[in-house]
Amino acid sequence: MKKLNITVTYLVFLLLLIIPLGQVLSSAFSTGFSGFWSALTDPQALHAFLISGILVGAVTALNTLFGVLLAMLLVRETGISRRIRQFLNAVVDLPFAVSPIIGGLMILLLLGPHTALGAFLEDHGVKIVFALPGMILATLFVTFPLMVREVMPVLQEIGTDQEEAAYTLGAGSWRTFWRVTWPSIRWGVLYGVVLTVARALGEFGAVLVVSGNIINKTQSATTLVYQQVENFNFVAANSLAFVLAGFSIVVLMTLEWAKRRKEV
Amino acid sequence: MQIEVRNLSKKFGRVSAVDHVNFEIEQGKLIGLLGPSGGGKTTILRMLAGLEKPDAGEILFQGNKVNHLPPQERGIGFVFQNYALFKHMSVFDNIAFGLTVQRKSKSEIRDRVHEMIELIGLQGLENRAPHQLSGGQRQRVAFARALAPSPQLLLLDEPFAAIDAKVRKELRTWLREMISRVGITSIFVTHDQEEAVEVADEIMIINQGRLEQKGTPWQVYKEPLTPFVAGFLGESNLLHNPAHIVGFESAPRPHSEKARVLIRPEAIEVGREHEISNLSAAALGIVRSVQFRGSVWQVEVEVGEHRLLAHRTLEKETLLPGEQVAVLIHSLHLFHDEQSLFLENELKRANTRAI
Amino acid sequence: MIQNKRWLRRSVQSTVLVYFLLLILVPILGIYVQGLSGGWAHFAESILQPIAWDSVLLTIKLAVIATLINTALGTMLAWALVRYRFPGRRLLNSLVDLPFALPTAVGGLMILLLLGPQSWLGSWLAGHNIEIVYQQPAIVLAMIFVTFPFVIRTIQPLLEELDPSEEEASYTLGATRSGTFWRVIFPAMRPGVIGGAMLAFSRALAEFGAVVLVAGNIPGKTLTASVQIYGNVESSNPSGAAAVSVLLLTLSFLVLWSVNLLTERKDAR
Ligand SMILES: Nc1ncnc2c1ncn2[C@@H]1O[C@H](COP(=O)(O)OP(=O)(O)OP(=O)(O)O)[C@@H](O)[C@H]1O
Ligand SMILES: [Mg+2]
C-alpha cells in the first residue's frame with residue numbers, strides 16, 4: 001500500500017508537472033538559444049512584457065492599498081453593524097466564484113464602447129475597454145480577495161490589545177498603525193502581494209476579453225502566449241511560457257519563505 | 001489625580017455590563033476592584049481609560065469631565081491583563097514608546113527608560129524581546145511601560161492573573177511599594193479577595209454591573225452592606241432566618257424571602273462546656289466534622305436546624321465528630337429590607353452586666 | 001483637531017467601501033441586469049437554446065469527472081506527503097502549489113505539449129489511434145491540472161493535526177488497519193475532502209485559460225461554457241454571452257455558498 005501510494009505520487013507529479021515543464025523547456029530551446037532569445041527580444045514580446053509589467057505594478061499597488069484598508073475596516077471598525085460586515089465579508093469572496101472570462105465580460109458590458117457610460121467616457125478621451133485601464137480593472141476584480149483574505153485572519157489573531165496599549169500611551173491611529181499593527185501584519189501583506197503579483201501576471205481570461213488582444217498595444221505576456229499557440233508558433237510560445245514559468249517558481253519560493261516568516 | 005464617576009452605565013446588546021455606578025477616589029489611593037467574573041470590572045476600567053464609550057453617566061478627573069477625551073488625551077497608564085507588550089519591540093522600546101509619542105529628546109528618553117528599568121529591577125534585559133521574558137518579568141515591563149510617561153492615573157486589569165501563586169505574592173508586595181513610592185492614584189482589578197485585601201487602601205465590590213460596597217478592606221469585612229458582599233469577602237455562614245439562634249431571640253423577624261443572616265466562623269465559639277467563656281449564652285450542638293485548615297481547626301457543628309462552620313484555635317484539644325459541644329455565637333449580621341444590622345448576643349450582654 | 005481626524009477617517013473608509021462595491025458588486029449585478037434585460041421570456045429563450053445549455057451541461061459533466069479524479073488522487077497524494085518519508089518529498093510538497101502560481105495559459109500549453117505529437121505520450125497515443133487533444137479527456141486533464149492543489153492543501157493540515165494517539169487507541173482496542181482508517185482517520189479528513197472537492201469543482205467550472213487551448217468547438221462535445229462565452233464576445237454578441245454567464249455564475253455562487261456553509265459549520269464545532 002505504502003509503496004503503491006508513493007509510486008502514484010511520483011507518477012502524478014512527473015506526468016502532470018515535471019514532464020510538461022521539461023517539454024516547455026526543450027521546445028523553447030528546440031532551435032537553440034538563439035531561437036529562444038529572438039522570441040523573447042522580438043518587439044512584440046518586449047511590448048507584451050512591458051504591458052504585463054505595468055499591469056502588475058498598478059494592480060499590486062492598488063490592491064495592496066485597498067485590500068489592507070478593507071481588511072482593517074472589516075475587522076476593526078466596530079461602528080459598522082454586524083449584519084453589514086457579514087454581508088461585505090461574503091461579497092469579498094465573490095470574485096473567486098466568477099469565471100475570469102465573465103469578469104472580463106462584466107467590464108465590457110458596463111464600460112464597452114456600446115454602453116452609455118463607455119461612449120460618454122470615450123467622447124471625453126478616456127478609453128477604458130480595449131486599453132490598459134480596462135485590463136487593470138479586470139485584473140483588480142480577479143485579484144481582489146487575495147490581499148483581504150491574507151490580512152484579515154492576521155488582524156483577527158493579533159487582537160486589539162497591543163493597539164489599545166498604544167492608544168493609552170498617547171499614540172494616535174497613524175503611529176499605532178505603523179509602529180504596532182504593521183509589524184505584525186507585514187508578512188501577511190507580503191504574502192498577499194506575492195499572490196497578487198502572480199495572479200496579475202498570470203491572469204488571462206479576463207484580460208483577453210477586455211484588451212481585445214491588440215498586438216503592440218494591449219497584448220500582455222499571457223495573451224501573447226495564447227496567440228502564438230493559436231498561430232502554431234510553438235518555439236515563441238514556449239520561450240515566453242518558460243520565462244513565465246521561471247517567474248512562477250520564484251513566486252513559489254518567495255511564498256514558502258514568507259510563510260515561514262509569517263509563522264514566527 | 002482625584003476621580004469621580006457618576007451614574008456610569010454601559011450595555012453590550014442586552015447585557016448590562018455596568019449599571020449606574022457612582023464612586024469617588026481620592027488622590028494617591030490604591031483601589032482594588034473586586035468581584036466575580038463577568039461582573040463588569042474590566043468594563044469600568046476601560047471606560048475610565050477611554051477605550052470604551054459609556055452609554056450614560058459622567059467621568060470626572062480633578063472635577064473636569066473627560067467623557068469626550070480619547071484614551072490618548074486622558075493621561076492614564078493601563079496595564080493589560082495579558083500585558084499586551086509590543087511583541088516586535090525590545091524591552092527598551094516598549095518602555096520608551098509613550099515617551100517617543102511625547103516627542104521627548106533622545107537623551108531624556110534614555111534616562112527615563114533606564115530609571116524605569118532600575119525601578120523594576122530588570123537591568124541588563126533592555127534588549128530582550130518580550131517572548132524572551134518570564135511572566136513576572138513581562139508584568140514588570142508592562143508596569144514600567146505604563147508608568148514611564150508619568151500618567152496621573154494607573155489602571156491595572158488583573159495584573160497578576162497569569163502568574164503562578166508564589167511569584168504572585170512577591171509581585172503584589174512589590175507593586176504595593178512601587179505605587180506608594182511613585183504616589184500615583186491607581187485602580188486594579190482582581191477576583192482574588194486575598195490580593196485585594198492585602199494590597200488595596202480601599203476596595204470596591206462589583207457584582208452584576210453594580211457597585212455593592214466601597215470602603216477599606218476591614219470596613220467591608222466587618223460591616224458588609226449586602227449579603228452578597230458578606231458572602232463574597234471572607235468565609236461565612238449564610239442562613240435564611242435567625243429564628244432559634246440562642247442569644248438572638250429578640251432580633252427582628254424578617255418576613256421577606258430575601259432576608260439573610262450572616263455569621264462569620266470566627267464569631268462562633270465551639271468547645272466542651274468548661275471551655276466556653278459564657279455558657280449561659282450558648283446553645284448545644286453536635287460536631288459533624290473537623291478539618292485542619294492550616295492555622296485553625298474548622299469545625300462543622302449542627303445546632304438545631306442549622307449547620308454552621310466555626311473556627312477553633314489549634315492549641316485547644318481536638319474535638320471529635322459526634323461529640324456534643326457548646327456553641328456560642330457572639331455576633332451576626334442580619335440583612336433585610338435593604339438594611340444591614342449588626343447584632344450581638346443579648347444573653348451574653350445581660351450576663352456580663354449581671355456580673 | 002480631533003474633528004478633523006475623524007472626518008479624514010470617515011472619508012477614507014467611505015472611499016474604500018465605494019471602491020469595493022463598485023469594483024465587485026456593480027459588475028456582477030451588471031451581468032444579471034444585462035442577462036435579464038430582454039425580460040424573462042427572452043432570457044429563458046436564450047438559455048434554453050440547446051447550444052447554451054449544452055455547453056453548461058458539458059462543463060458540469062467534465063468538471064465533475066475532473067473533481068472526482070482529483071479528489072481520489074489528492075487524497076492519496078496528501079496522505080503520502082504527510083505520512084510517508086521518501087526522497088524528494090519536500091520538493092514535491094512545494095511543487096504542489098505550482099499550478100496556482102503558473103499563468104493558466106502556460107498550464108494549458110503544458111497540457112497541449114504533454115498530449116501533442118512531440119511528446120512520447122502523445123506519439124504513443126497517436127500510434128494507438130487514440131486522439132485526445134481537443135477532445136474531452138484533454139479538457140478534463142486541463143481542469144485537473146489547474147485544480148490540482150485544492151484537495152491536497154485542504155486535507156494536509158487535517159492529517160497533520162490528527163493526534164497519533166487516536167489511531168493508537170484504535171489499534172489497542174483491536175481495530176484493524178483498514179478499520180482504523182475508515183472509522184478514525186477518514187472522518188477526520190472528510191471535511192477537507194469535501195471542502196477541497198467543492199473548491200476544485202467551482203474552479204473547474206470557471207476555468208478558461210487552460211481549457212481554451214485544449215478545447216475544441218463542437219457544441220455539446222468539446223465546447224465548454226467559458227469558451228463559448230469567449231466565442232460570443234469575439235463575435236460581438238455580448239448579450240448571448242451574458243445569458244450563458246448568468247447560468248454559469250449562478251451555479252458557481254451556489255457552490256461557493258455551500259462551501260462557506262460547510263466551513264462555517266466546521267468552525268462552529
Ligand atoms: N466587547 C463586549 N461585547 C459584548 N459583551 C461584552 C463585551 N465586553 C464585556 N462584555 C460583557 O459585559 C459583562 C462584563 O464584562 P467584564 O469584562 O467587564 O467583566 P469582568 O468583571 O472584567 O470579568 P472577569 O473577571 O471575568 O474579567 C459580561 O457579561 C461580558 O460578557
Ligand atoms: Mg475582566
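These legends accompany close-up views of a predicted model.

In this predicted model local features need pLDDT of at least 70 and side-chain atom pairs count only at pLDDT 80 or more, while totals for chains, interfaces and linings use all residues. Residues are numbered from 1 along each chain as its sequence is written, chains are lettered from A and ligands numbered from 1 in the order in which they are written, and side-chain values use heavy atoms, with hydrogens and water left out.

**View 1. The residues around ligand 1.** The shell, meaning residues with a heavy atom within 4 Å of the ligand, includes B:Phe12, B:Val15, B:Glu158 and B:His191. By class, three of its residues are nonpolar, seven polar and two charged, where Asp, Glu, Lys and Arg count as charged, and Gly is among the polar ones. Strand E2 (15–25) and helix H1 (41–49) of chain B each supply at least two shell residues, and H1(B) gives the most, with three; helices (H or I, at least four residues) and strands (E, at least two) are DSSP runs, numbered from the N terminus.

View 2. In a polar contact, a pair of N or O atoms lies within 3.5 Å. Oxygen of ligand 1 is 2.5 Å from a side-chain N or O atom of B:Ser37, 2.8 Å from one of B:Lys41 and 2.5 Å from one of B:Thr42. The protein covers 61% of the 640 Å² of accessible area that ligand 1 has on its own, by the Shrake-Rupley method with a 1.4 Å probe.

**View 3. An annotated stretch of chain C.** An unreviewed UniProt entry places the feature "domain: ABC transmembrane type-1" at residues 56–257 of chain C, and such annotations may be inferred rather than shown by experiment. Over these residues the chain is 79% helix and 0% strand, with the end C-alpha atoms 19 Å apart.

Note on methods:
Polar contact = N/O pair within 3.5 Å; in protein donor to acceptor, adjacent residues only side chain to side chain.
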